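Please look through the sequence and the model shown below before reading on. The notes that follow are a briefing, grouped by topic.

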Amino acid sequence: MKLVRENTARSLVLPVAPTRGRLRPLGLDEVRITGGFWARRRETNATATLGHCRDWMERVGWTGNFRAAVEGRIHRDRRGREFADSDVYKLLEAMAWQAGQGDGTALDAGIAELTGTIAAAQEPDGYLNTAFGRPGQRPRYSDLEWGHELYCYGHLIQAGVAQLRARGEGELAKTALRAADHVCATFGPGGIEGVCGHPEIETALVELARATGEQRYLDQAALFVDRRGHGTLADIEFGRAYFQDDLPVRDATVLRGHAVRALYLAAGAVDVAVETGDDALLAAVARQWETTVARRTYLTGGMGSHHRDESFGDDFVLPPDRAYAETCAGVASVMLGWRLLLATGDPRYADLAERTLFNVVAASPSEDGRAFFYANTLHRRSRGTVPSANAQSPRAESGLRAPWFAVSCCPTNVARTLALLPAYLATADDRGVQLHQYADAEIATTLPGGHAVALRVRTDYPHGGRVTVRITRSADHPWTLSLRVPAWAAGATAWLVDADGARRPVAPGTATVTRAFRAGDEIRLELPVAPRWIGADPRVDAVRGTVAVERGPLVYCAESVDLPGGQEVDAVRVDPSAGPEDGPDGTVVVPGELAVADERSGAPWSYRPLGEAADPAERAPGIVLVPYHSWANRGPSTMRVWLPTAEPDSTGAAGI
Ligand code: FUB
Ligand code: ZN
């Protein structure tokens, strides 16, 4: 099979390669992350997380399921939930992207071994799933609501595309193609007129169409997008909105239902819209994104506030202590934002991606890359438990990060995202190069007319706000370098320092420099990262009377390990009339007080007449806050992002 060189893309090593759109993505062979925050996390991902996931899958029997299928004992021996196959595929995708960067030989061997295991279980017509269809199991496609068969194919196809683009055609790609052909034959015109209870196949099929040039995969994806919303799935206890089967995609005004499902579907709908020229569909998803970000998104970028069904809440229902904010929803939000950014060029999509990457995706893995948060609460009231090192944890684990979950979708989603992260940094268009995310990086591409350009990015991001771009290769021809100025830089001055030293203030959005750059030219962006107080829309009732702190792209939190005398975070009250100020080692210090523990715990009732004195409190010399992504790395703790403001009479003085 021939790998298609997509119309707009110069590189082929890309997770998303639209044939139309405002911006052209740069591939993993054009962008390298060379140092700093993300390089450290990517290194841990490559050296620890991939192997960790591989070991756990073996241990809990999810890879063994494929062997059991081949050996005819799957009806008896199958382990894990109905979607367990998908995590093997997500790991394969991560390995394939990683193998495409640097020396992939060892990873290629691992991919070949794992692919051999799954491919052996594929049936002659391309069907591949260990939960259905064999003697003693439920029939194929007998449970579209919960069976996840198409969802699993989606992840298999994404892994196949990753291999195709990062390593060239191999067994994994062939297995994925056989599955995709089976899907088209089974769910295409004249076939089963259904959709999967968990979207994912849509975006995967579009990417396969882009990678192979085969129109039928795109047609099938478009069919799935159009079919959804017409009530073909059963009306379950959470309602059809849970799997977005309540309304056609193009009629919806906001994302609703299960957060990961909603976001994957929206990503697939953008892909279909872009490839079919369906601007109405694209506009519908852009509208949904806008409303969702305005009303249904946590400060961290996290999405989904219902534990019961892992779903979006109603507008402004964003309780910090019940935040679900699943890591996979963060990954899916970044996927959706990237597609919208490529289609439109609007920097707001990159703003949200930055917020989500630093405060959800980076929060999930532990420092050693061997434990994860599945749910990313913004407030933990009790120290919780230390998860078992040897057993699978419940998904909304209420203690430290856990090594593995009974539903373990998040670790492999983090793994594949970190593996392909350089692909989210930069794009090009007819005029030049755009930087969307900041990290130490080397970027080299060819602009229209065959003009080769190369840049070196150096930054102390996210703790500092200085970004230096050095042109290391340029054409004797004017072109434009565009730099995203994040929305959080509003209100303070961001500066662009031109190659000739000219310094000009820039507003949030996009700052550009156009010139016939010469090798050695440097452009500097200086973003104000002084810590700042953040308030919430009063309609977010759950955080009324509280404030939060951000610094650059990072959200901060109070953690009990930083409080004196074994206090818990719920004792903290802060005074936003002063500060916040930088503390040592990337911390922030805010003025505040700590409620007197004995009095508080002895209170007979949580309520008091207005005007009656608040619980007594003692002034604190300065309350230390840490980046949210780093919390729970120092043992069990309580934590909160939204901090109550002190009441004037609590210390017996007028204010603190
Ligand atoms: O259903 C498959 C995955 O498991 C979902 O995306 C996650 O939310 C978890 O429920
Ligand atoms: Zn997940």
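**Pairing in the open sheet**

Gln 434 stands opposite Ser 482 in S9, and S5 and S9 are joined by four bridges and run parallel. This is a predicted model, in which local features need pLDDT of at least 70 and side-chain atom pairs count only at pLDDT 80 or more, while totals for chains, interfaces and linings use all residues. Residues are numbered from 1 along each chain as its sequence is written, chains are lettered from A and ligands numbered from 1 in the order in which they are written, and side-chain values use heavy atoms, with hydrogens and water left out.

**The sheet around these strands**

- Helices (H or I, at least four residues) and strands (E, at least two) are DSSP runs numbered from the N terminus, and two strands pair if DSSP finds at least two bridges between them.
- The open sheet has five strands in the order S1-S4-S5-S9-S12, with mixed pairing, and its edge strands, each pairing on one side only, are S1 (24-25) and S12 (509-515).
- Strand S4 (residues 426-428) runs antiparallel to strand S5 (residues 432-435) with three bridges, Ala 428 stands opposite Val 433, and a hairpin of three residues joins S4 to S5.
- Strand S9 (residues 479-485) is joined to S12 by seven bridges in the antiparallel sense, and here Arg 484 stands opposite Thr 510.

**Strand S13 and its partners**

- Strand S8 (residues 466-473) and strand S13 (residues 522-526) run antiparallel and are joined by five bridges, with Leu 525 as the bridge partner of Val 467.
- Strand S10 (residues 494-497) also pairs with S13, over three bridges in the antiparallel sense, and Leu 525 is the bridge partner of Leu 496.

**Nonpolar cores**

- A nonpolar core is a set of buried Ala, Val, Leu, Ile, Met, Phe, Trp, Tyr and Cys residues joined through side-chain atoms within 4.5 Å, where buried means under 20% relative accessible area, exposed over 50% and partly exposed in between (1.4 Å probe, protein chains only).
- The largest nonpolar core has 194 residues, of which Trp 38, Tyr 153, Ile 157, Leu 336 and Leu 435 touch the most other members, and helix H10 (residues 259-276) gives the most to this core, with 13 residues.
- Leaving aside neighbours within four places in sequence, Trp 38 is in contact (heavy atoms within 4.5 Å) with residues including Ile 33, Leu 357, Phe 358 and Leu 418.
- Another core, of 23 residues, lies apart from the largest one and has Leu 299, Phe 316, Ala 363 and Val 626 among its members.

**Backbone features in loops**

- The peptide bond from Tyr 461 to Pro 462 is cis, with omega near 0°, and Pro 462 is in the loop between strand S7 (451-459) and S8.
- The peptide bond from Gly 579 to Pro 580 is also cis, with omega near -5°, and Pro 580 lies in the loop between strand S17 (572-574) and strand S18 (581-582).
- His 148, in the loop between helix H5 (105-119) and H6, has a positive phi of about 65° although it is not a glycine, and His 148 is buried, with a relative accessible area of 5%.
- Ala 632, in the loop between strand S20 (617-627) and strand S21 (639-640), has a positive phi of about 65° although it is not a glycine, and Ala 632 is buried, with a relative accessible area of 7%.
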